[in-house]
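Let's take a walk through this model together. Have the sequence and the 3D view open as you read.

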Amino acid sequence: MTARILVLPGDGVGPEICREATRVLEALQRDHGLDVELEEDLVGGAAYEATGEPLPAATLEKARSADAVLFGAVGGAQWDELPRELRPESGLLQLRSELGLFANLRPAMLYSQLAHASTLRHDVVAGLDLMIVRELTGGIYFGQPRSTRTDTHGRRQAVNTMLYTEGEIERIARVGFDIARRRNKRLCSVDKANVLEVSQLWRDVVNEVGQEYPDVELSHMYVDNAAMQLVRAPKQFDTIVTGNLFGDILSDIAAMLTGSIGMLPSAALDEQGRGMYEPVHGSAPDIAGQGVVNPLATILSVAMMLRHSLHRQDLAERVEHAVGDALDRGLRTRDIMDDEKQVASTGEMGGAVIDMLQ
Ligand SMILES: NC(=O)C1=CN([C@@H]2O[C@H](COP(=O)(O)OP(=O)(O)OC[C@H]3O[C@@H](n4cnc5c(N)ncnc54)[C@H](O)[C@@H]3O)[C@@H](O)[C@H]2O)C=CC1
Ligand SMILES: CC(C)CC(=O)C(=O)O
Ligand SMILES: [Mg+2]
């Protein structure tokens with residue numbers, strides 16, 4: 001049956017990276033029997049400009065009925081003064097929430113060809129293969145109340161609420177344990193239970209769910225220490241499970257261990273395993289439109305789509321190997337460049353991956 005994929009390029013570099021990822025899907029369709037139908041629509045700032053909303057009802061409807069969504073990135077300084085609900089980033093948060101995409105898988109894998117690009121010494125990162133499981137539809141990004149107000153002295157104050165229910169923690173903990181079980185059976189839950197009530201509940205519930213997984217070694221770590229340990233000795237981690245805010249920050253740290261934020265893909269999955277696939281990075285307005293953005297995070301997100309939503313493990317591996325082969329050929333976008341290599345534009349890098357799919 002033909003799988004319907006909705007492509008939402010968004011803003012900044014979003015259209016450039018989605019173009020390359022789409023070319024990869026089309027190549028798989030043409031040469032490797034992938035049965036897909038692609039459709040594109042507006043989201044984020046681009047949607048706001050066209051319709052007055054960062055997530056138009058038509059886009060949401062298409063996302064609901066698609067078999068998978070490929071998402072680029074949203075945001076840009078020109079929209080930062082808008083009311084919060086009209087900002088591009090709100091469109092993304094609403095999309096994740098409306099689709100129930102609570103489980104965000106953010107693998108950080110070092111391609112050996114990029115060991116020089118990592119901020120860490122080769123022996124510290126060689127063979128790095130880490131999975132961050134981030135809760136994506138709860139926590140402080142969604143908690144109520146949230147507001148900015150003025151007190152009786154005319155001074156401004158602002159509030160956000162970090163709230164997790166037992167049920168939300170249970171379901172993401174299960175995803176973490178299940179993934180750890182399929183990997184190296186080690187799960188580290190990251191929180192701030194020494195200070196936050198919500199983190200104490202997080203830790204208690206993760207421990208309770210852990211009773212069902214006696215074969216998985218569970219540890220806990222405070223988020224400040226985890227940030228430090230990630231850059232000190234990242235290979236001590238196998239699978240990390242954490243909340244929305246902490247996972248957002250830790251995954252950007254993990255990105256640099258692999259050489260660049262332009263290398264990190266992600267999958268956001270619902271309870272049925274339906275998903276939206278996007279690079280971990282944002283819309284990178286500082287390099288948008290120059291043809292220099294690294295498309296590999298988005299292309300690797302296509303590999304995650306092939307694995308999790310389209311059930312084509314074979315093609316997922318083909319894409320992942322093709323990325324390695326393109327790097328072997330010596331091509332590098334600017335963010336992963338080193339002296340002896342050949343600088344590649346976004347399109348050249350995407351083209352090289354497509355050549356290597358053969
Ligand atoms: N999922 C999304 O749509 C996200 C959107 N954003 C939004 O993106 C905008 C920019 O945010 P920033 O904090 O600057 O984060 P960013 O991730 O867009 O960029 C941070 C830095 O990394 C570089 N970079 C990012 N992706 C790259 C790639 N593929 N290749 C080469 N270099 C790359 C950028 O040029 C920039 O110097 C903001 O409006 C922000 O709200 C931020 C994060 C996620
Ligand atoms: C821009 C935010 C909505 C999200 C973010 O930074 C992320 O999901 O990595
Ligand atoms: Mg982020």
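Around ligand 1, the shell is made up of 9 nonpolar, 7 polar and 4 charged residues. Here Ala, Val, Leu, Ile, Met, Phe, Trp, Tyr, Cys and Pro count as nonpolar, Asp, Glu, Lys and Arg as charged, and the others, Gly among them, as polar. That shell has 20 residues, with G75, G262, H281, G282 and N294 the closest; a residue belongs if its C-beta atom, placed from the backbone, lies within 6 Å of the molecule.

A word on the ground rules. This is a predicted model, where local features need pLDDT of at least 70 and side-chain atom pairs count only at 80 or more, while totals for chains, interfaces and linings use all residues. Residues are numbered from 1 along each chain as its sequence is written, and chains are lettered from A and ligands numbered from 1 in the order in which they are written.

Now for the sheet. It's an open one of 10 strands in the order 2-1-3-12-11-4-5-10-8-9, with mixed pairing; two strands pair if DSSP finds at least two bridges between them, and strands are DSSP E runs of at least two residues, helices H or I runs of at least four, numbered from the N terminus. Strand 2 (36-40) and strand 9 (217-222) sit at the edges, each pairing on one side only. Inside the order, strand 3 (68-73) and strand 12 (275-277) pair in the parallel sense over 3 bridges, and A68 has G275 as its bridge partner in strand 12.
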